[in-house]
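Morning, everyone. Please look at the structure on the screen, and then we'll talk about helix packing.

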Amino acid sequence: MNNSSCPRINFDFTARFLPPVFILVFIIGVVANGWGLKSLLHNWKKLGNVNVFILNLGLTDILYLLTLPFLMVYYIKTENWIFGDTFCKITRFCFNLNLYGSIGFLTCISVYRYLAIVHPMRVMGRITVTHSVGISVMVWLLVSVQSLPDMFYSKTPLNNTVQCYDTTSSIYVEDYLKYSLGWTVTGFCIPFLITLGCYGHVVVVLCRTNTTDKVLKQRCLKLLLILILLFSVCYIPYNVLKNLNLWSRVLYKQNICRKWSNGVYIAQQISRGLVCLNSALNPLVYLHGSEDIPARLRRLLQRACRIISHPPPTNSSSVAMTQITYEGVTQEK
């Protein structure tokens, strides 16, 4: 089947869909991560060794959020990249650091929670902040090594159209698919299975032990739900659809057409919007880790409800109240 008879790919969908998502994620992400990191540092001693991983999780989010304004300009200008090939690769590298770094640090948090709940006596006093810092450095190195080959693939086309591919051009798409599959296994599948195994065992242990504190059970179940939300919404769809779209491009290059090609492309662009939501959802880990933050949130909501239900007096009523108060004070004098 010739390429001319293949279904048309709706490339315009990306320019319409991604900019609003990026704007929303940038605003929410900056506010949530700024507040979360501030609260984390304020409650540093309360949270224990796991706070090192939460801090690094926040740093990966900030690193990616700083690149979003450039991507907004790119997609608003209908995929016209004006910042040069080198910065294009740096931008995509920061995205990969955020994505797979977040997965890595969430896995570390899961393992630490597992050890603290299932094997508390074995790890008591043996895991220090130094260990957490060392493991964090290893995670950064591993994610960087995994992401570094991506920078050597072409990110711009050979013609005069200035684009910044999130994967690579069609010339190298076969090799990139192989690299991407290996990357998905090591950077996503293995950490996901470790996280799933840790929290699966934790839930079993907590359910079997009647003496366990109910608050501890609730917090562990909440964190499990947060991780399920992150993986289900952000990570799983992106990793699956990214490779499926690359395979579709390989088939297209071989003059093999599939009716689902356009649907896969659109779904993959939606998954790109969803995966960047992790920068706005990761602060949920801060909310879970610090008992002070939910209390502050409740106070802010209660204060907002009071303002809405009891609005401030109008100017006329304010003047009248001032006059009454003034007269009362004068009379007392």
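What is the handedness of the crossing in which α3 passes α5? The crossing is left-handed. Keep in mind that this is a predicted model.

Let me stay with that pair. Helix α3 covers residues 51-65. Its axis lies 9 Å from that of α5, and the packing angle is about 165°. Angles over 145 degrees count as roughly antiparallel, so α3 and α5 are roughly antiparallel to each other.

Who makes the contact? From α3, the residues are Phe53, Ile54, Asn56, Leu57, Thr60, Asp61, Leu63 and Tyr64. From α5, they include Cys94, Phe95, Leu97, Phe105, Leu106, Ile109 and Tyr112. By class, the contact of α3 with α5 has 13 nonpolar, five polar and one charged residues.

Now the other partner. Helix α5 spans residues 85-118, and helix α8 spans residues 173-208. Their axes come within 9 Å and cross at roughly 25°. That makes α5 roughly parallel to α8. This crossing, too, is left-handed.

On the α5 side, the contact residues include Asn96, Tyr100, Ile103, Thr107, Ile109, Arg113 and Tyr114. On the α8 side, among them are Trp183, Gly187, Phe188, Pro191, Cys198, Tyr199 and His201. How do the residues of the contact of α5 with α8 divide? There are 16 nonpolar, six polar and one charged.

To recap, α5 is roughly antiparallel to α3 and roughly parallel to α8.

Definitions and conventions: Residues numbered from 1 in each chain as written. Predicted model: local features only at pLDDT ≥ 70, side-chain atom pairs only at ≥ 80, totals over all residues. Heavy atoms only, no water. Axes fitted to C-alpha atoms, helices over the stretch in contact; angles between N-to-C directions. Helix = DSSP H or I, 4+ residues; strand = E, 2+ residues; numbered from the N terminus. Parallel < 35°, antiparallel > 145°, perpendicular 65-115°, else oblique. Left-handed = near helix turned anticlockwise from the far one by under 90°. Contact = heavy atoms within 4.5 Å. Nonpolar A, V, L, I, M, F, W, Y, C, P; charged D, E, K, R; others polar.
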